[in-house]
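Hi,

Here is the structure I promised to pass on. Have a look at it first, and my notes follow below.

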Amino acid sequence: MQALVVPDPSAQTMKQLQWQERPMPNLGPTEVLIKTQAVGLNPVDFKLVTAGNAAWQYPHTLGLDTAGIVEAVGAEVTNFRPGERVCGHANLANNGTFAEYVSLPAAVLAKIPTTVSFEAAAASLCAGLTLLARPSSRPFHRPSKPSWHRCIPMSKSITIMKM
């Protein structure tokens, strides 16, 4: 399968990333194998290229956010089935989601409603988690009327890459 990788620790710019043939991910008992349909590109992905991560083994597949179709499930997974549409947020220390297939723990996945595109689902993950992880000292204000300007800074930080 093809994956966008940081080939080695000395590669610290976006120009040094490479598409490489990589082995299919292993499927653990609590994991779900996903055929990628879209991924979200977040500022942290760029920052990780320049900073790296001591836990990485190289070549390292980038990416945190994915949306796709379940290909297979681990022996202990009961809440997902092959053919279902799912999205999920990966772990920064592990190989990421910028690949044709990705294996993620079932606990980090959600089913995508048929009314939501793969691209929209992939774009909502890191940005949505950032919103939910707001400091408790800054309570979230829910205005009585929609306030679209509140969404603009978040949406500008995301690019979608359809696989």
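A word on areas before anything else: accessible areas come from the Shrake-Rupley method with a 1.4 Å probe, and for residues only the protein chains shown count as cover. On that basis, the chain exposes about 9,500 Å², with carbon and sulfur atoms supplying 58% of it.

Please keep in mind that this is a predicted model, where local features need pLDDT of at least 70, side-chain atom pairs count only at pLDDT 80 or more, and totals for chains, interfaces and linings use all residues. Residues are numbered from 1 along each chain as its sequence is written, and side-chain values use heavy atoms, with hydrogens and water left out.

Now the overall picture. The chain has 3 helices and 9 strands (DSSP runs numbered from the N terminus: H or I of at least four residues for helices, E of at least two for strands). Their order along the sequence is β-β-β-α-β-β-β-β-β-α-α-β. Of the 163 residues, 37% are buried, meaning under 20% relative accessible area with a 1.4 Å probe, protein chains only. Taking contacts (heavy atoms within 4.5 Å) between residues at least 6 apart in sequence, 76% join residues at least 24 apart.

I then looked at strand β1, residues 2-6, where 4 of the 5 residues are buried. Strands count as paired if DSSP finds at least two bridges between them. β1 runs antiparallel to β2 (residues 18-21), joined by 4 bridges, and Gln2 sits opposite Glu21 there. β1 also pairs with β4 (residues 60-61), again antiparallel, over 2 bridges; here Val5 faces Thr61.

Cheers

Conventions: Buried means under 20% relative accessible area, exposed over 50%, partly exposed in between (1.4 Å probe, protein chains only).
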